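Here is a short briefing on one protein model. It starts with a strand pairing and then turns to backbone geometry, domains and overall build.

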Amino acid sequence: MKDYIQYIIRFLLGDSIPGEYISSVGYTDDPRQYDKYSIVIRPCGFFDSTTYGKTSSIPSFPLKQLDRTPLLFGETTEKMIGDTLVLYADLVASSFFLLTRYEEMVKRSVRDEHGRFPGKESFPFRGEFLHRPIVDEYGLYLRNKLRQLGAKLPAEKQSIRKIYLTHDVDAPFYCRTWRSIVREIKNGQSIWKAIKTKTGKLEEDMNYTFPWLFSEDNKLRAAFGKERCKPICFFKGGGNTKQDKPVYSLTNKDIKSLFTLCKHDRIEIGLHSSYQAGKEPEQIVKEKKKLESATGGKIKANRHHFLSSREPEHFAFLLKSEINHDFTMGYADVAGFRLGTCRAVRWINPGTRKLTSLVLHPLTIMECSLSEEKYMNLSYEEALDYSLGLINQTALHRGELSLLWHNTSLQTGYLKNLYSTLLDKIIQIDSENRQQYK
Ligand SMILES: [Zn+2]
């Protein structure tokens, strides 16, 4: 069995399943092999060289339903052949399609003005299941089939495995440079007020909301413990396009104060790859080195500015830069499970089908996806409701929750209030889940 297929079966079954059960699930259409396995998933032909990578390989609607979970490939029928249960639902191809961004590879011409694949054009959004991690639903289905055959598998426990509270630092300060003073004066601000902001306390700068964000993050970390809750700030290390402005120094005293605050509050520092690096991914190496030399620490995590990780293959440049964790995988225009899962998953390059060591951490919610008119345009109540839906799905499948709140968004509408409320609700949901399994 190819390593990426083996990995997908392992991923579907989950990491609390004993090894003997993993090897009892096969993926073959050769009947002579069936008796080696308790369950055989029958390939539907998705990986055949005649269809793989072609537009015709994209499934069409309406989808068949496998126990109320949309099935992308294969049939919902199953047969007992000897002692082997043969599933015609191609759970491997269906998962591969979602986990690897296969659709984005096939539909190269579908991109928005920033070169991103739009969430609202995506197969899961059009099929109305972007809010459900259906790969994890396939996993549950497969475990239940093993149970039906007598496997003694541990019962699923509802709990959030890990939470990443993340902040992309696009503009750490509002008015702390001479250039920003000139901008303010041009915008009609009084020169004295602008100078006062520049020379006053950092905490009085409207973008410097980090002390508040970190104190909120620390509340959640106190409840979850430092292993389960990790705050990360992603800083830019370059970029010279219009979308990369403002370019901020990584060596002046203000940014050094922010690095010190991160260190004090044990906030990890990650790379916020620039918009330019979205177009020219070879820039990532340089940007990472620049950030490492400014912070004096090793950078292990990345998120792209504008979430503009354009082509699936571009992840290879993260590996080249020795970055092993990416947090970009959400759509800007609609929150949900872009990779079809709420769990961290290793990147399989859909072009080469190579299984790599890069771990993709799904981005569950970016705040502006909820609120911006051009994205989801939700009211406070709707945004809270939709977010709680995603959080509950994550807990149901023991997934990772990753929230993105920018330091610059706290003055915008309900977003500050929503962050606080969501963190309180997460603590409440987690405590209820723990009570349930006492
Ligand atoms: Zn950004």
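Start with strands β5 (residues 74-81) and β6 (residues 84-89), which run antiparallel and are joined by five bridges. This is a predicted model. The protein chain holds 16 helices and 15 strands, and the chain is divided into domain 1 and domain 2.

**The β5-β6 hairpin**

- β5 and β6 form a hairpin, with two residues between the strands.
- In the turn, G82 has a positive phi of about 65°.
- Across the pair, K79 stands opposite V86 in β6.
- In a regular strand, side chains alternate between the two faces of the sheet.

**Cis peptide bonds**

- F61 and P62 are joined by a cis peptide bond, with omega about 0°.
- P62 sits in the loop between β2 (39-41) and β3 (64-66).
- K245 and P246 are also joined by a cis peptide bond, again with omega about 0°.
- P246 sits in the loop between β8 (229-235) and α10 (253-264).

- R68 is not a glycine, yet its phi is positive, near 70°.
- The loop between β3 and β4 (69-71) holds R68.
- Is R68 buried or exposed? R68 has 7 other C-beta atoms within 10 Å; the cut-off for exposed is 12 or fewer, so R68 counts as exposed.
- E322 is not a glycine either, and its phi is positive at about 60°.
- The loop between α13 (316-320) and β11 (325-326) holds E322.
- E322 has 11 other C-beta atoms within 10 Å. By the cut-off of 12 or fewer, E322 is therefore exposed.

- Domain 1 covers 3-148, while domain 2 is made of 162-172 + 207-436.
- The C-alpha centres of domain 1 and domain 2 lie 28 Å apart.
- How many residues does each domain give to the contact? Domain 1 gives 28 residues and domain 2 gives 30 residues.
- On the side of domain 1 that touches domain 2, the elements giving two or more residues are α1 (3-13), α3 (91-99), α4 (102-106), α5 (123-126) and α6 (134-148).
- Which element gives the largest share of that side? The largest share comes from α1, with four residues.
- The residues on that side of domain 1 divide into 14 nonpolar, seven polar and seven charged.

**Overall build**

- The 16 helices and 15 strands belong to one protein chain.
- The chain has a radius of gyration of 23 Å, close to the 22 Å that the globule rule gives for 438 residues. The chain is therefore as compact as a globular protein of that length.
- Along its principal axes, the C-alpha trace spans about 85 × 50 × 40 Å.
- Of the 438 residues, 42% count as buried.
- Take the contacts between residues at least 6 apart in sequence: 73% of them join residues at least 24 apart.

How values were computed
Residues numbered from 1 in each chain as written. Predicted model: local features only at pLDDT ≥ 70, side-chain atom pairs only at ≥ 80, totals over all residues. Domains from an automatic or database assignment. Contact = placed C-beta atoms within 7 Å. Nonpolar A, V, L, I, M, F, W, Y, C, P; charged D, E, K, R; others polar. Pairing = 2+ DSSP bridges. Buried ≥ 20, exposed ≤ 12 C-beta atoms within 10 Å, placed from the backbone. Rg over C-alpha atoms; globule rule 2.2 N^0.38 Å.
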